[in-house]
Structures are given as C-alpha cells and as structure tokens.
Amino acid sequence: MQMKKLLTIVVLGLLLSGNAYAHIENKFVYLICETLNYNTSYEVHLDFKKKTVSSFNMSKKESTEYKIYKTTERWISAKAIDNENKKIMIHRYAGDAHIQEFEDDKWEDISNGRLQCEKIKKKF
C-alpha cells in the first residue's frame with residue numbers, strides 16, 4: 001500500500017512538472033511583421049501572462065504598447081494603452097496583422113497595408 005502511494009506521488013509529480021515547462025514556452029510570442037507593398041517592418045512581442053502586445057516600427061524607431069482586450073480562436077485584438085483610438089489585430093492562423101486608428105467614425109489601416117507576420121525564436 002505504501003509503495004502504491006509513493007508511485008502515485010512520483011507519477012503525478014512528473015506529469016505536473018512537464019506541464020510547467022510547456023506553459024513557460026507559450027507565455028511569450030515574438031513576431032516580425034512586414035508590409036507587402038512598402039518596406040516597413042515591425043517587431044511584435046505578445047505577453048499572454050500580462051495580456052500585452054508591444055510593437056516596434058523598425059524604420060521609424062517608434063514603439064507602442066497595447067493591452068489585449070479580446071482573444072478568440074482566430075484573432076488577438078489589443079488597444080493602445082495611451083490612445084484608445086489605436087489598435088492592433090493579429091490573425092492567429094493566417095499570420096496577418098493590422099494596425100489601425102479610429103478616424104472619421106471608422107477604423108483605418110495606418111500600417112501601410114496588411115502586415116504579413118512570421119513567428120521567430122531567439123537566436124541566443
């Protein structure tokens with residue numbers, strides 16, 4: 001009976017420790033997003049634990065911080081922390097992103113067209 005309890009504890013410990021490492025890897029996502037028409041690139045960082053998105057326009061050297069307000073199976077939507085009239089929307093399967101601003105009662109793309117994003121990993 002004692003051996004069964006010990007074996008159960010060991011098995012549960014191994015199962016739970018494996019899930020802990022898997023979660024850390026999925027907490028952050030790094031993307032490079034580029035426009036198809038223009039030579040504009042963005043570095044996009046998603047932090048699912050803090051529910052934030054950071055974008056950095058590499059040509060203009062400008063960064064924007066967003067707060068994720070809606071996540072669905074397909075889309076991640078976040079509004080700029082310092083400007084409610086600016087948002088980023090990222091399609092989780094197609095790899096598309098749109099940076100938009102609310103002007104004249106409608107959302108307009110300000111990223112010079114659709115952004116094509118690619119997930120990247122740290123090199124070192």
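A polar contact is a pair of N or O atoms within 3.5 Å; within protein, one of the two must be able to donate a hydrogen and the other to accept it, and residues adjacent in sequence count only if both atoms are side-chain atoms. With this in mind, the side chains of Asp 96 and Arg 114 can be described as joined by a polar contact of 2.9 Å.

Before going further, a word on the source: this is a predicted model, in which local features need pLDDT of at least 70 and side-chain atom pairs count only at pLDDT 80 or more, while totals for chains, interfaces and linings use all residues. Residues are numbered from 1 along each chain as its sequence is written, and side-chain values use heavy atoms, with hydrogens and water left out.

Asp 96 and Arg 114 also meet in a salt bridge, at 2.9 Å from N to O, a term that stands for a side-chain nitrogen of Lys or Arg within 4 Å of a carboxyl oxygen of Asp or Glu. The pair links distant parts of the chain, 18 residues apart, with Asp 96 in strand β7 (residues 96–103) and Arg 114 in the loop between β8 (106–109) and β9 (115–120). Strands (E, at least two residues) and helices (H or I, at least four) are DSSP runs, numbered from the N terminus. Is Asp 96 buried or exposed? Its relative accessible area is 13%, and Asp 96 therefore counts as buried, where buried means under 20%, exposed over 50% and partly exposed in between (1.4 Å probe, protein chains only). Arg 114, by contrast, is partly exposed, with a relative accessible area of 35%. Not counting residues up to four places away in sequence, Asp 96 touches Met 89, Ile 90, His 91, Arg 114, Leu 115 and Gln 116, where contact means heavy atoms within 4.5 Å.

How many salt bridges does a search of the whole structure find? The search finds three. Glu 84 forms a salt bridge with Lys 79, the closest N and O atoms being 3.9 Å apart. Of these two residues, Glu 84 is exposed, with a relative accessible area of 55%, whereas Lys 79 is partly exposed at 26%.

Two strands pair if DSSP finds at least two bridges between them; here, five bridges join strand β4 (residues 62–71) to strand β5 (residues 75–80), and the two run antiparallel. They form a hairpin, with three residues between β4 and β5. On to the next strand, β5 is joined by five bridges to strand β6 (residues 86–91), again antiparallel, and a hairpin through five residues connects β5 to β6. Within this pairing, Trp 75 has His 91 in β6 as its bridge partner.

A last stop is Asn 57, which lies in strand β3 (residues 52–57) and counts as buried at 5% relative accessibility. Its side chain is joined to that of Tyr 42 by a polar contact of 3.4 Å. Leaving aside neighbours within four places in sequence, Asn 57 is in contact with Thr 40, Ser 41, Tyr 42 and Glu 62.
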